[in-house]
Amino acid sequence: MLSYILRRIVATLPVMAIVALFVFSLLYIAPGDPAVVIAGDQASPEDVERIRQSLGLNRPFLVQFGSWVWRILHGDLGTSIFTNLPVSAMIGQRLGPTLSLMIVTLLLTIVVAVPLGVVAAWKAGSLIDRVIMGFAVFGFSLPVFVVGYMLAYVFALELEWLPVQGYTPLAQGFWPWLENLILPAIALGCVYIALVARITRAAMLEVLQQDYVRTAKAKGLGQGGILFIHALKNAAVPIVTVIGIGIALLIGGAVVTESVFAIPGLGRLTIDAILRRDYPVIQGIVLLFSFVYVLVNLMIDVVYTLVDPRIRY
Amino acid sequence: MALLEVENLQTHFRTPSGVNRAVDGVSFHVNEGETLAIVGESGCGKSVTSMSLMRLIPEPPGRIAGSIRFAGRDLLQLSDREMRAIRGNDISMIFQEPMTSLNPVLTVGRQIRETLMIHQGLDKQKAEAHAIEMLTLVGIPEPKRRVREYPHQLSGGMRQRVMIAIALACNPKLLIADEPTTALDVTIQAQILKLMLDLKHRVGAAIILITHDLGVVAEIAERVMVMYAGRKVEEAPVAELFRSPRHPYTQGLLGAVPRLGSSLTGTARRLAEIPGQVPDLRKPITGCVFAGRCALATDLCRQYAPGLEEKGPRHVAACHYAAKGAIAA
Ligand SMILES: Nc1ncnc2c1ncn2[C@@H]1O[C@H](COP(=O)(O)OP(=O)(O)O)[C@@H](O)[C@H]1O
Ligand code: SF4
Ligand SMILES: [Mg+2]
């Protein structure tokens with residue numbers, strides 16, 4: 001197993017390299033001369049030239065790329081053009097809220113969507129099934145910010161059950177931390193829950209037709225054991241896959257959600273960086289998200305081997 | 001005393017093209033320790049009958065009516081919870097499809113343990129030990145290693161042995177085996193049948209055996225029930241049925257009577273082919289269900305359905321022209 005994971009990590013290296021190349025090229029793909037862009041509207045030609053020199057923008061592309069990669073490998077993501085702070089420090093500051101939001105959303109999704117999908121498949125064609133799938137379509141078609149503002153209005157402003165916005169670090173207590181994340185997680189999770197519930201239902205529908213489910217019933221197992229052990233474990237591969245793919249959805253949605261709920265996370269940092277054309281920051285964030293995504297894929301592959309013994313590693 | 005008494009069993013399926021009367025008014029019984037064989041062509045309702053006994057029919061689209069008295073209780077009146085306590089414990093079942101009947105993502109050991117833990121309240125260690133004993137009983141070599149393996153690591157014959165181990169783990173009073181060898185190679189078939197014959201004497205459970213193999217019927221069963229189009233058309237003790245089949249359908253199936261011991265020597269006889277087709281079970285049938293394919297059919301047959309009548313000692317058949325005591329044509 002360990003050697004499998006190692007081999008998989010090695011296999012992700014080329015992917016990471018391509019991602020890095022792409023991220024680095026961002027600055028060059030973007031319209032305009034990078035040095036002009038960075039220097040801003042008021043800059044004189046001398047200023048632009050100075051920036052060009054100091055950032056090494058006059059060197060050949062591959063040389064620039066090579067030294068950039070070299071610095072990243074040493075943990076140096078560069079310096080923000082706008083704040084002059086190291087990019088890694090800026091990201092580190094904002095990582096907590098975003099990571100918290102994504103983890104809470106992920107857990108919420110698994111806890112809500114998988115049982116809903118299982119029940120919908122078990123009661124396929126019934127009223128319960130149609131209600132659940134109706135909600136799934138609904139959840140899928142509502143934009144994050146609409147759900148977010150609605151939730152904030154009802155549960156925070158009107159009912160005052162939960163805070164309207166903001167973020168409290170986990171270090172200041174579990175409940176204060178969670179309290180601030182509940183509404184954002186629901187808003188962000190809507191699409192994700194809908195997606196995972198639908199896939200769970202589809203995968204379970206197929207599994208429930210299988211002979212071994214009948215065998216489980218013939219052995220005297222209860223409905224819960226049949227559905228959540230014998231059937232769900234067989235349906236796990238597509239479900240795990242979509243949960244993993246969904247993390248990409250979360251990354252995009254987090255940007256919007258953090259704006260709606262004023263969470264000082266990476267999403268806000270991303271928007272600010274884009275508005276200011278703070279390329280080193282943008283590159284750092286994109287690189288981080290890509291890294292997370294590659295990591296998630298690796299985890300999915302490991303989970304596959306855990307749920308299905310027929311998958312070889 | 002009858003362990004199982006089935007009275008007017010009707011299992012119907014609601015389908016888009018009408019109600020499929022897969023089992024339509026079947027009555028039979030099985031005594032303690034006795035083996036009843038059910039024979040008949042594909043699609044005549046044997047599997048549906050056996051799955052109805054364990055209430056494994058998906059409802060809907062299925063619906064089971066009639067009564068199924070097992071050890072004095074009507075299974076159709078039991079709650080789901082009471083029924084679960086019976087499945088895998090008092091009545092267990094071996095299915096036709098050994099390749100797909102085991103759960104591919106759970107170990108063999110776990111799949112045997114489960115029934116022991118549910119029904120006998122054994123803890124994991126005791127259940128595991130018992131599972132290894134069961135694997136030994138059904139003739140699986142290296143049982144200690146095999147309990148930790150997954151179904152895909154076993155051959156078809158081995159998997160069917162595991163199914164038998166699961167079915168027998170809790171010492172059921174009734175074992176239902178639905179074509180347990182049909183999907184296997186001929187040589188493996190003989191091995192599994194030998195195992196079943198062996199276990200029949202050791203375990204003492206009553207058995208309902210569904211099979212196409214008349215050699216097996218002759219060897220294992222005491223009585224035979226012949227089904228056609230969802231109904232029982234004949235029933236008799238084995239020797240009696242082979243000696244003097246009364247229903248033209250049974251006669252067609254038998255073609256010739258098998259020699260005893262033939263299945264173990266690999267010369268087993270399968271049911272003979274009968275020309276013509278099984279009637280559509282979604283349409284009401286007037287008259288004899290077999291009339292469309294029967295060489296002896298008359299207007300009487302086509303208008304009036306024959307009832308089951310006594311044709312000899314413990315021998316009934318549903319045919320207007322199978323005269324009592326007469327030697328059939
Ligand atoms: N779930 C189901 N839905 C509809 N019809 C069914 C279902 N299961 C079985 N049947 C029908 O019941 C009839 C008897 O099938 P079966 O008992 O499997 O025959 P066999 O004697 O070969 O075991 C067939 O016509 C089959 O189509
Ligand atoms: S009743 Fe008539 S049609 Fe039916 S089996 Fe007997 S002879 Fe044939
Ligand atoms: Mg069958």
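How many nonpolar, polar and charged residues does the lining of the largest pocket have? Let's work up to that. Keep in mind as you look around that this is a predicted model.

Start with the space itself. Rolling a probe the size of a water molecule over the atoms shows where empty space is left. In this model, the largest pocket holds about 1,100 Å³ of space. There are 29 residues lining the largest pocket, and those closest to its centre come from both chains: W122(A), K217(A) and Q223(A), plus P58(B) and E59(B). The biggest giver is α9(A), with 4 residues in the lining. Now back to the opening question: the lining of the largest pocket has 14 nonpolar residues, 6 polar ones and 9 charged ones.

Next, move to the second largest pocket, with about 540 Å³ of space. Its lining is made of 20 residues, and the ones nearest the centre are M16(A), I72(A), L73(A), L287(A) and F291(A). Look along α1 (2-29), α4 (61-73), α5 and α12 (279-307) of chain A, each of which supplies at least two residues to this lining. Here α12(A) has the largest share, with 7 residues. Two domains of chain A take part as well: domain 1 (2-73) and domain 2 (94-307) each provide at least three residues of the lining. As for the classes, the second largest pocket is lined by 17 nonpolar and 3 polar residues, with no charged ones.

Now for the place where the two chains meet. On the chain A side, 18 residues are in contact with 26 residues of chain B. The two chains bury about 2,000 Å² between them, and 60% of that is on carbon and sulfur atoms.

What about charges? Side chains of opposite charge can pair when their charged atoms come close. Across the interface of chain A and chain B there are 2 salt bridges. You can find a salt bridge between the side chains of R214(A) and E97(B), at 3.0 Å from N to O. Over all chains, the count is 26 salt bridges. Within chain B, R231(B) pairs with D24(B) in a salt bridge, with 3.5 Å between the closest N and O atoms. That pair joins distant parts of the chain: R231(B) sits in strand β10 (residues 231-237) and D24(B) in strand β2 (residues 18-31), 207 residues apart.

How values were computed: Residues numbered from 1 in each chain as written. Chains lettered and ligands numbered in written order. Predicted model: local features only at pLDDT ≥ 70, side-chain atom pairs only at ≥ 80, totals over all residues. Heavy atoms only, no water. 1 Å grid on protein atoms, 1.4 Å probe; cavity = no way out; pocket = protein on both sides within 12 Å on 5 of 7 lines; lining within 4 Å. Points joined across faces, edges and corners; volume = space filled by probe spheres on them. Nonpolar A, V, L, I, M, F, W, Y, C, P; charged D, E, K, R; others polar. Domains from an automatic or database assignment. Contact = heavy atoms within 4.5 Å. Buried area = accessible area lost by both parts, 1.4 Å probe. Salt bridge = Lys/Arg side-chain N within 4 Å of Asp/Glu carboxyl O.
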